Amino acid sequence: MQFLGKVIPSPLTLASGILGISFSSLQRVIRDGAGMVTTKSLSLEPRIGHEGPIIAEFEGGLVNSVGLTNPGIDDGLLEVEKFHNEFAGVSIVSVFGANSEEFVNLARAVNHSKGDFLELNLSCPNVEDEFKRPFALVPEKITEIVTAVKAVSNKPVLAKLSPNANDITLMAMLAEQAGADGLTMINTLGHGMVIDAIARRPVLRNNFGGISGPCIKPLALKLIRDAYKQVKIPILGTGGVSNGLDAVEMMMAGASAVAIGSAVYERGLDVFKITRMEMEAFMSEHGYEDYTDLIGILEEN
Ligand SMILES: Cc1cc2nc3c(=O)[nH]c(=O)nc-3n(C[C@H](O)[C@H](O)[C@H](O)COP(=O)(O)O)c2cc1C
């Protein structure tokens, strides 16, 4: 199958922020049957991020407040180069800027790399104290940043949207109108809080964080479906996918590929291999020949 013109062996993708950026773990994910890998979001300068604990588990998934820890775009792209030098795999370089100028500079840096696609993280909920409201909640910001990046980028551009937007379909349409080649949706939900009752404290040092994992899957499916009906560009679906059936459902809702994040914590790196086998078993049992046969085929009541 193909995603934005690149041939990929499966629609499964590593979501941003899950395995950092080390080229060896990115390669392992592809060897295990994923089609694409997304780097941790990279900023112009290195960022230490928030103090730990930065991840808290609960019965429905995870709450995280990593705070965009990353080694900066220059070091991050060195790992992307190593990934591509020794390996055939498709990479999505995720970037995070404080304003459209920074996003443009990040896009220029990625232009010179072997990275295949550029993902704009417009939707991180964990750094509001520093950067104010996530751009994905502000219609004019989506238009401004995507337009500015598209004017300089020589890579296909994915805009990553937030489930916290009042009207995510409007955001999807604005990103498409501004020239985005695809959408990634959804980023983490909320903020949420996990409490340690004995300690009488929130588990996260930052008190709250973005919610991910199985509990956000129904929301992701609905929002992907809504966007799919309104835009023509492909959607990289993400949010609560833990197994093959989840991935099938997300493609039926309208995703052209499916990224897995929190389930890597729960099921380990083997999640890609197992999920791919589960998808293929479903497809052969129900008469689907190709992954692409699944995209958007949901019949609504
Ligand atoms: C620990 C952690 C770190 C994350 N870091 C990033 C990040 O740097 N950039 C980004 O765009 N999304 C980040 N995300 C969001 C995921 O890429 C994904 O959109 C979200 O978790 C929903 O998918 P999931 O339910 O499969 O985890 C992070 C998620 C988690 C759990």
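Colleague: By class, how many nonpolar, polar and charged residues does the shell around the ligand have?
Modeller: The model is predicted, and that should be kept in mind for everything that follows. Around the ligand there are 24 residues, among them S16 and S262. Sorted by class, this shell has 2 charged, 14 polar and 8 nonpolar residues.

Colleague: What is the distance from a backbone N or O atom of G240 to an oxygen atom of the ligand, and how much of the ligand does the protein bury?
Modeller: For S16, a backbone N or O atom lies 2.8 Å from an oxygen atom of the ligand, and for I186 the corresponding distance is 3.1 Å. For G240, a backbone N or O atom is found 2.7 Å from a ligand oxygen atom. Taken alone, the ligand exposes 610 Å², and the share of this area that the protein buries is 98%.

Colleague: Where does the ligand sit?
Modeller: The protein buries 98% of the area that the ligand exposes when taken alone. As for its place in the protein, the ligand sits in the largest cavity.

Colleague: Which residue does a cis peptide bond join to M185, and in which loop is that residue placed?
Modeller: Most peptide bonds are trans. The place of I186 is in the loop between β10 (182–185) and β11 (189–192).

Colleague: With which side chains does the side chain of N187 make polar contacts, and is N187 buried or exposed?
Modeller: N187 lies in the loop between β10 and β11. Its relative accessible area is 10%, and because buried means under 20%, N187 counts as buried. The side chain of N187 makes polar contacts with the side chain of S123 at 2.9 Å and with the side chain of N121 at 3.3 Å.

Colleague: What is the omega of the cis peptide bond that joins G52 and P53?
Modeller: P53 has its place in the loop between β4 (36–38) and β5 (55–58). The peptide bond that joins G52 to P53 is cis, and its omega is about -5°.

Colleague: What phi does L4 have, and what phi does N207 have?
Modeller: Most residues other than glycine have a negative phi. L4 is placed in the loop between β1 (2–3) and β2 (6–7), whereas N207 lies in the loop between β13 (201–202) and β14 (209–212). Neither residue is a glycine, and yet phi is positive in both, at about 45° for L4 and about 75° for N207.

Colleague: Why does N207 count as partly exposed?
Modeller: Partly exposed covers the range between the buried limit of 20% and the exposed limit of 50% relative accessible area. L4, with 25%, is therefore partly exposed. N207 is likewise partly exposed, because its relative accessible area is 37%.

Colleague: How far apart in space are F23 and F83, C-alpha to C-alpha?
Modeller: F23 lies in helix α1, which covers residues 23–31, and it counts as buried because its relative accessibility is 18%. In sequence, F23 and F83 are 60 residues apart, while in space their C-alpha atoms are separated by 4.9 Å.

Colleague: Which side chain is joined to that of S91 by a polar contact of 2.6 Å?
Modeller: S91 has its place in strand β7, residues 90–95. With a relative accessible area of 3%, S91 is buried. The side chain that a 2.6 Å polar contact joins to that of S91 belongs to H84.

Colleague: How far apart in space are M250 and A56, C-alpha to C-alpha?
Modeller: M250 lies in helix α8, residues 244–253, and counts as buried because its relative accessibility is 0%. M250 and A56 are 194 residues apart in sequence, and the C-alpha to C-alpha distance between them is 25 Å.

Note on methods: Residues are numbered from 1 along each chain as its sequence is written. This is a predicted model: local features need pLDDT of at least 70, side-chain atom pairs count only at pLDDT 80 or more; totals for chains, interfaces and linings use all residues. Side-chain values use heavy atoms; hydrogens and water are left out. A residue is near a molecule or strand if one of its heavy atoms lies within 4 Å of it. A polar contact is a pair of N or O atoms within 3.5 Å; within protein, one must be able to donate a hydrogen and the other to accept it, and residues adjacent in sequence count only if both atoms are side-chain atoms. Accessible areas come from the Shrake-Rupley method with a 1.4 Å probe; for residues, only the protein chains shown count as cover. On a 1 Å grid over the protein atoms alone, a cavity is a set of points where a 1.4 Å probe fits but cannot get out, and a pocket is an open set with protein on both sides within 12 Å along at least five of seven lines; lining residues have an atom within 4 Å of a point. A molecule sits in a cavity or pocket if more than half of its atoms lie within 2 Å of its grid points. Ala, Val, Leu, Ile, Met, Phe, Trp, Tyr, Cys and Pro count as nonpolar, Asp, Glu, Lys and Arg as charged, and the others, Gly among them, as polar. Helices (H or I, at least four residues) and strands (E, at least two) are DSSP runs, numbered from the N terminus. Buried means under 20% relative accessible area, exposed over 50%, partly exposed in between (1.4 Å probe, protein chains only).
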